[in-house]
Amino acid sequence: MPPIPGSGLAKGLAVTLRTMTKRTVTAQYPDVQPELPPRTRGVIGLFEENCTVCMLCARECPDWCIYIDSHKETVPPAAPGGRERSRNVLDRFAIDFALCMYCGICIEVCPFDALFWSPEFEYAETDIHELTHERDKLREWMWTVPEPPALDPGAEEPKEIAAARKTADKLQAQEAQEAQEAQEAQEAQEARQAQATSEAQQAQESPEAQQTQESQQGRAAEQPGRTEEQEGQE
């Protein structure tokens with residue numbers, strides 16, 4: 001069905017009329033901060049503890065605005081007889097926001113969740129060189145990163161949280177078992193001490209009882225003799 005002539009003009013006029021009837025609202029910035037969407041791309045924050053210097057963000061950046069320097073360190077073996085391992089240690093992590101086009105590729109490709117979007121956007125500088133934020137400055141932006149949205153009621157639990165909970169439950173069960181074993185060992189030790197104390201008391205009391213019994217037997221043996229002598233005298 002062909003469009004009715006003038007329908008586009010009518011739609012445009014309808015939009016104009018609706019806008020004309022609305023009250024004009026002026027954003028009082030910077031006195032009043034704007035309410036930004038939760039996924040606003042303002043500035044990038046670095047969570048340094050999660051960075052493994054894999055260089056994926058720097059290689060995938062289309063503007064080549066990420067600068068990373070690192071060195072290798074030798075890690076001693078975790079168990080006796082094991083071999084030493086080497087790991088990358090981060091020396092420098094910087095982002096030049098004068099070149100960044102805020103595509104978010106670096107955040108998407110990071111396999112260890114070391115980069116996050118922050119809604120902060122007020123970091124303009126008078127010198128373009130100061131738009132290169134080093135890792136200390138990027139770490140400060142992490143404090144402005146909002147919390148992730150809550151999961152849907154029917155959503156599956158993230159694998160990281162499930163693995164962490166499984167490890168925590170395993171450690172808790174191990175600690176409970178160790179505490180129970182320690183309690184049993186303490187009770188057994190107390191029982192052995194009580195048994196040793198009772199045996200010592202019995203051993204200490206047995207000579208006295210034996211002496212008492214021997215004295216009683218001696219008196220019983222002497223009493224009939226005395227009776228016969230008394231009868232003979234009579």
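At 25% relative accessibility, Tyr102 counts as partly exposed, where buried means under 20% relative accessible area, exposed over 50% and partly exposed in between, with a 1.4 Å probe and protein chains only. The model is predicted, so that local features need pLDDT of at least 70 and side-chain atom pairs count only at pLDDT 80 or more, while totals for chains, interfaces and linings use all residues. Residues are numbered from 1 along each chain as its sequence is written, and side-chain values use heavy atoms, with hydrogens and water left out.

Five aromatic pairs are found in a search of the whole structure. In one of them, the ring centres of Phe97 and Tyr102 are 6.2 Å apart and the planes lie at 25 degrees, so the pair is stacked; rings of Phe, Tyr and Trp (its six-membered ring) pair if their centres lie within 6.5 Å, and planes under 30 degrees apart count as stacked, over 60 as edge-to-face and the rest as tilted. Phe97, at 5% relative accessibility, counts as buried, and one aromatic cluster is formed by Phe97, Tyr102, Trp117, Tyr123 and Trp141.

His133, located in strand β5 (residues 132-133), where strands (E, at least two residues) and helices (H or I, at least four) are DSSP runs numbered from the N terminus, counts as buried at 3% relative accessibility. Apart from neighbours within four places in sequence, His133 is in contact (heavy atoms within 4.5 Å) with residues including Phe97, Tyr123 and Trp141.

Leu56, in helix α2 (residues 56-60), counts as partly exposed at 27% relative accessibility. Beyond its neighbours within four places in sequence, Leu56 is in contact with Val109 and Pro111, and the C-alpha atoms of Leu56 and Pro111, 55 residues apart along the chain, are separated by 8.5 Å.
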